[in-house]
Amino acid sequence: MRRLREDGTPEKAHGFVIRQMTVEDMPAVMALEKASFKNPWSHELLGRELQHDWSTILLVEEPLPEGGVELLGLAIFWIVHDEVHVLNVATAPVHRRRGVARTVMEEVLRRGVGRRCSLATLEVRRGNESALNLYRSLGFRAVGIRPNYYADEGEDAIVMVLDF
């Protein structure tokens, strides 16, 4: 199995191609965000993430039989000092339960280890059982709650940490 290299060269994992987002990917990423979330990230916010040195947006794609690729999911994360902070993980609704989120999260964590990070953190909706189960299976543990973190829905976030 090939892995994504730090230089952004696409790599294959579990039949998926993982690569870094570019500005040209914005329309497909915006469509994925809108399909995945009630309150998707804005074009402006995604654009800013592309400009930060500490921020990475990884895309998970699958080659199509007729040629081209389909965007299945993504992860947005920061590496700051010795910490990986996961900001967003999305999987297209029609591709959920295929290992897309697990594949991209494994790559995020692999990159953190490669950069000598000592921990990874994230926030997840209290009611998102499938995400909570995924993160627990990757070794994350709950360490706190951010009340009303998702203000638009009035939902709390569970803060999770993974020590490398």
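Start by selecting Leu-132, which sits in helix H4 (residues 129-137); helices here are DSSP runs of H or I with at least four residues, strands are runs of E with at least two, and both are numbered from the N terminus. This is a predicted model, in which local features need pLDDT of at least 70 and side-chain atom pairs count only at pLDDT 80 or more, while totals for chains, interfaces and linings use all residues. Residues are numbered from 1 along each chain as its sequence is written, and side-chain values use heavy atoms, with hydrogens and water left out.

**Around Leu-132**

Leu-132 is buried, with a relative accessible area of 2%. Buried means under 20% relative accessible area, exposed means over 50%, and partly exposed lies in between (1.4 Å probe, protein chains only). Now show the neighbours: leaving aside residues up to four places away in sequence, Leu-132 touches Val-124, Arg-125, Arg-126, Ile-158 and Met-160. A contact here means heavy atoms within 4.5 Å.

**Zoom out**

Switch to a cartoon view of the whole protein. You can look for four helices and eight strands, which follow the order β-β-α-α-β-β-β-α-β-α-β-β along the sequence. The radius of gyration is 15 Å, close to the 15 Å that the globule rule gives for 164 residues, so the protein is as compact as a globular protein of that length. That radius is taken over C-alpha atoms, and the rule is 2.2 Å times the number of residues to the power 0.38. Along the principal axes, the C-alpha atoms fill a box of roughly 45 × 35 × 30 Å.

Of the 164 residues, 45% count as buried. Among contacts between residues at least 6 apart in sequence, 55% join residues at least 24 apart.

**Two aromatic pairs**

Next, show the aromatic side chains. Rings of Phe, Tyr and Trp (its six-membered ring) pair if their centres lie within 6.5 Å; planes under 30 degrees apart count as stacked, over 60 as edge-to-face, and the rest as tilted. The count by this rule is three aromatic pairs. One of them is Trp-54 with Trp-78, edge-to-face at 6.5 Å centre to centre and 90° between the planes. Trp-54 lies in the loop between helix H2 (43-51) and strand S3 (55-63), and Trp-78 in strand S4 (residues 69-80), so this pair ties together parts that are 24 residues apart in sequence. Trp-54 is partly exposed at 38% relative accessibility, and Trp-78 is partly exposed at 27%.

Now move to Tyr-149 and Tyr-150, whose ring centres are 5.0 Å apart with planes at 85°, so this pair is edge-to-face. Tyr-149 is partly exposed, with a relative accessible area of 39%, whereas Tyr-150 is buried at 18%.

**A stop in strand S3**

Select Thr-56, found in strand S3. Thr-56 counts as buried at 14% relative accessibility. Beyond residues up to four places away in sequence, Thr-56 touches Gln-20, Ala-75, Ile-76, Phe-77 and Arg-111.

**Two positive phi angles**

Finish with two backbone stops. Arg-97 is not a glycine, yet has a positive phi of about 70°. Look for Arg-97 in the loop between strand S5 (83-91) and helix H3 (100-114), where Arg-97 counts as exposed at 80% relative accessibility. Asn-148, also a residue other than glycine, has a positive phi near 55°. Asn-148 is in strand S7 (residues 141-150) and is partly exposed at 41% relative accessibility.
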